[in-house]
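Me: I want to learn to read this structure feature by feature. Give me the general idea each time, then the case at hand.

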Amino acid sequence: MIKYHKDTHNIVTLTLDMSGRPDNVINHEIGNAFMPVVSHLKAEKAKGLLKGVIITSAKGTFLSGGDLDYLYQRSDAAGIFSFSEQLKFVLREIERPGVPVVAAINGSALGIGFELALACHYRIVLDKPSIVLGLPESGMGLIPGSGGTVRLMWQLGIRQAYQVLTSDVGYTPREALKAGLVDALAPGQKAMLEMAKAWLLEQGEARRFWDRPGSSIPGGDATHPENIEFLRERSVAVAAEKADYFSAAQAIILMLYEGSKVDFDTACRIESRYYARLLVSQPTQNMIKAFWLDRKAIERGDTRPKGFGKFRPRRIGIIGAGRMGSGIALSCLLNGMSVVIKDVSKLIAANALVYVQGKLADLEEKGRIDAQESKALLNRIQITDHVRDFEHCDIVVEAVFENYALKHKVTREAEAFLDEYSLFGSNSISIPISTLAEACQRPENYVGLHFFPPVEEVPLVEIVKGRQSSDESVARAFDFVRSMQKIPIIVKDVWGFYAARVQNTFILEGITMLQEGLSPAMVENLGRQSGMPRAALELADELGLEIVLRYEQLAAAHYGVRYIQHPAVHTLNKMLTEWNRPGKSAKAGFYTYQGDEGKTLWQHAYAGEIRMDLAVEPQEIFERLLFVQVIEAFWCLQEGVIRTAAEANLGSIYGWGFPACKGGVIQFVQDYGIQNFLSRCAHFEALHGPRFKPPRMLTNLEG
Amino acid sequence: MNPVYIYDALRTPLEAGLSGGAYREIRPLDLLRQTLLVLSKREFWRHVPPSDFILGCATPVGDLGKNIARAALLHAGMHAISGVQLNRFDLSGLDAVGWAMARIGAGMEAAVLAGGLCLQSSLDARQDRGAWTDDPDMAILPTGFPPVFSADLQSWLHALDADGLEAYAKNARSRGQDISTSDFSYLFPILDDNGLTLIDQDRLPEASETSEGLPLLPEVVYQRFLPLAQKKYFHLEHFPRIHAASTAAAPADGLGLLLLGGEPTTAARVPLARIRAYVLLESAENLPFAGMTQAAEAALARSGLSREQIDLWACDEPFAGIALAFQRSMQLDPERLNVSGGNLVFGRPAAANGSYLLIRMLEDLKNKQLSFGLLALADHSGSSGAIIVENLG
């Protein structure tokens, strides 16, 4: 699993090559593999037969991080602590003995994979923009567990280390060089090994400066006033934006605060303690469930209709050069596809070009792509005012205004130039896909592709399967979304599909609280503090109250006599008809808007009076706001609106920002405990009505 | 507890502002020696010399570091008297009196010298580091709110507006102008070794023309802490950044010392006042500069006196909103609160504020021949204190 080769200069090359898998993974068994090699190297060194070591990989990636399957559902802090200590021991054995070690990074190295590189004395990486480096653990509620926080702190100083440790996106080789994460870029594999050898031949004993007496952290430790100010500021920012739980960002702040004031090895043990504390915590476990297990299930195609060959879209047609169309175009371009974008005139279509140019310039600025690549990408986008240019497109996505007649017209026009295999996707928000499909030539090829703004940032797409959409079309849409590196969830063609339908329950619950006499500020504050990224009234205003009400009317039409009117409908009707406050677009909704950003809550007593004295238990409000979403998501599962827990969970986190620390709407019940959840539902149902009655699917879980 | 009396008092002139002057021209050690020697020559000290000296400093670093009280006693040749330095932030000077009271009341000591010393112009409070100031976990507690943020927030909680604050500050500043004509004062000048005067009367803060009206609380700081305040006050959407330079107290340097003892035994020992109650508590609001009302109520309850029996009221004035909120919630007649001016007029000698305002209260009671006075104090850590004295002079 580790190939050993020694050359005439006494330079040993260790090539990681794990058998039976496409990549190298460092895991809890790594000690077994590495330790014999390390002791052999030590013996060689004692005999004077070792000049230096190069660590590289035989796979496409350098080393992949972690073993989250192994770490999921672990609750023994002691076991995790010693796991972390064991990994650290191995890396320390590479770093400390004095033999110079170079990491020749030939592919992506994330998490523990990058920690191995950090433990080497010198890092060279291939200059390929597709390579990703970094420590993205914080995105999963974790921190590096092999000394990564400590090494970064010593290497970059407290403030820089914080930025790297809390960034859950990886670094390209050039960005990594700029950030001080690697020492050199190599133009190719051969050159990289030569550079490594040349560097090694110049070295005597190799010691990182933190292993030399009297050295100090660049920029000082956490007694330096600027560092204190920085850490406290971050601490306030983290506390301000998250619900109340111990988060990775908090652990990183405390780690830098404490760890910078002690020696390297003590700091490493402190890191192990925070690592264990986070890992066994429910929020981190929930995040691992969502971002690792659920995500992997979708990425490997568990939810894709079976039996259809892989669709590899190359040329994408887009109708509508607005914000959505432009975003879709950019995402396609960045993932190797060509784009034809059409609008009513070339002049308007060119808006997309301007947008894409701007975004590419940003990426160039950040070192993600170079000028040449940027130019090549721009060459792959064509603007047009005529549908005939769609002739060679594998898929056409329609992203025009939310208007039935307009959508219908553009679909008919485009279809004329598409062959019978071409897929047609509509970015409809509220018009049923089946209705739109009725009028088109090949309804079986017609699906909904619901992107979320901003398209290039939100990693989720709802694939809406209309009544006539074929499974093959869904499978092809799935492949299209995956080729944009996004997460597809397959949803049924009902009002609001999945995401907007469930999100609407959160909004309605907030409005209901107004009617109970809570102050608008309280509804918004507690809404945000529940862990939701946006508060209910703010969201209502942005969507427009008509849409919020329309979803509810569609629900009424859907359920017929079984429909029980939501109490919030009363206020929505009054807002729309009596008080003329339809939302942000009219500068008057639950908020009053001044200028671009300024807004203040409309001070209105929705229930006749605002009861400032109302005894409110915040936990009760948080739970109400989250429970309604969870219950609605279970209705969606039961009615087949969404089909798997994995899709429901990720859809909720990416689609409308359900708290990731809960692992998504379905995992929420696991986290809360099904018994507790049902008895809490009974409590809410008694107080607030039948919308808290759990669907059968939930009560069945109890058995 | 045995009754505790105040027998003597001494305050040095306040000097407002951080650019410093007189207080920078003398070592703290010499300043304290000078005042110790002045007090020791006076009648009460000669009859019952104190056996302990409790000095509140709040910033025990630099020349005030370690145990400045004992150092000063040794420097003054008073090696028989013990000394201790106390840090209760801005309540240090008041709580030094509280400690002295407890020791005398419990029968441990016959007489104790207590008070506070504040040297903000030369000793930067930011030098005094600890978990309180540094630890990231302390930054997210309400007690970590910046003082002016807390003052603006409390003004919002008490529905105070900018006009109300300005009016309060204007009224406050109209007082104290006649202090120099007062016929009674414990004020002592500071001299150098040659006997030349360094400072002999309060130096008032200069009214700043330029920054008036501008909010003291920067927008970015306001935005940073607002979500944390909303976690505590659910009804809070926005609050106005209401305090400006004109409605906030200027920092000041100063020293106030009081000599406390037990029941008078000889005719020669005529006390100035009796301490009727002292309370130090952590406010329910747990906010910087909250809790004066709570402390005052508790002190009243402990003394057995009613609100109506209190002739004069004094309170901390770190910000106009804090003082006005106290006045409103205690339903005080403005004419009986800080009658000869408070911190908004003279500046605020943080760690010495309690002993300084207490001495001013004794002066006022004596001048006006009144009986009971109540002083309430607050600090940026959320603690507050109140003391009730009965004038016997």
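Reply: Start with domains. Domain bounds here come from an automatic or database domain assignment. Keep in mind that the model is predicted.

Me: Which domains does the assignment give for chain A?
Reply: The assignment lists domain 1 (2-280), domain 2 (315-492) and domain 3 (499-640 + 673-702) of chain A.

Me: How many Å separate the C-alpha centres of domain 1 and domain 2 of chain A?
Reply: The C-alpha centres of these two domains of chain A are 40 Å apart. Now look at contacts. Two residues are in contact if their C-beta atoms lie within 7 Å. Five residues of domain 1 of chain A are in contact with four residues of domain 2 of chain A. On the domain 1 side, the residues divide into one nonpolar, one polar and three charged.

Me: Next, overall shape. What radius of gyration does chain A have, and what would a compact globule have?
Reply: Compare the value with the globule rule. For 703 residues the rule gives a radius near 27 Å; chain A has 28 Å, which agrees. Along the principal axes, the C-alpha trace of chain A spans about 90 × 65 × 55 Å. The chain holds 28 helices and 18 strands.

Me: And what does the rule give for chain B?
Reply: With 393 residues, a compact globule would come near 21 Å; chain B has 20 Å, so the two agree. The C-alpha atoms of chain B fill a box of roughly 60 × 45 × 40 Å along the principal axes. Chain B has 12 helices and 12 strands.

Me: How do I read burial and contact order?
Reply: Count C-beta neighbours. A residue is buried if 20 or more other C-beta atoms lie within 10 Å of its own. In chain A, 49% of the 703 residues count as buried. In chain B, 54% of the 393 residues do. For contacts, take those with a separation of 6 or more. Residues 24 or more positions apart account for 73% of these in chain A. For chain B that share is 84%.

Me: What should I expect of nonpolar side chains?
Reply: In soluble globular proteins, they tend to be buried together.

Me: Which residues touch the most other members of the largest nonpolar core?
Reply: That core has 212 residues, and A:Leu256, A:Ala329 and A:Ile463 touch the most other members. Helix α24 (residues 618-638) of chain A gives the largest share, 11 residues. A second, separate core has 127 residues, including B:Ile68, B:Leu94, B:Leu337 and B:Ala351.

Me: What does A:Ala329 touch, beyond residues up to four places away in sequence?
Reply: A:Ala329 touches A:Ile318, A:Val339, A:Ile341, A:Ala352, A:Val356 and A:Ile381.

Me: Which residues of α1(B) are buried?
Reply: B:Pro28, B:Leu31, B:Leu32, B:Gln34, B:Thr35, B:Leu36 and B:Leu39 are buried. Their packing partners in chain B are β1 (4-11), α2 (43-47), α3 (68-75), β5 (111-118), β6 (190-191) and β8 (252-261).

Me: How many residues of chain B are in contact with chain A?
Reply: There are 17 residues of chain B in contact with 21 residues of chain A. Helix α8 (residues 219-232) gives the most to the chain B side, with six residues. That side divides into eight nonpolar, three polar and six charged residues.

Me: Where is the cis peptide bond, and what is omega?
Reply: A cis peptide bond joins A:Pro453 and A:Pro454, with omega about -10°. A:Pro454 lies in the loop between β14 (446-451) and β15 (460-465) of chain A.

Me: What phi does A:Gln73 have? Is A:Gln73 buried or exposed?
Reply: A:Gln73 is not a glycine, yet phi is positive, about 65°. The residue sits in the loop between α2 (68-71) and α3 (77-95) of chain A. A:Gln73 has 10 C-beta neighbours inside 10 Å, so it counts as exposed.

Me: What phi does B:Ala159 have?
Reply: B:Ala159 has a positive phi of about 55°. Its loop runs between α6 (147-157) and α7 (162-173) of chain B. With 9 C-beta neighbours inside 10 Å, B:Ala159 counts as exposed.

Definitions and conventions:
Residues numbered from 1 in each chain as written. Chains lettered and ligands numbered in written order. Predicted model: local features only at pLDDT ≥ 70, side-chain atom pairs only at ≥ 80, totals over all residues. Buried ≥ 20, exposed ≤ 12 C-beta atoms within 10 Å, placed from the backbone. Helix = DSSP H or I, 4+ residues; strand = E, 2+ residues; numbered from the N terminus. Nonpolar A, V, L, I, M, F, W, Y, C, P; charged D, E, K, R; others polar. Rg over C-alpha atoms; globule rule 2.2 N^0.38 Å. Core = buried A, V, L, I, M, F, W, Y, C linked by C-beta atoms within 7 Å.
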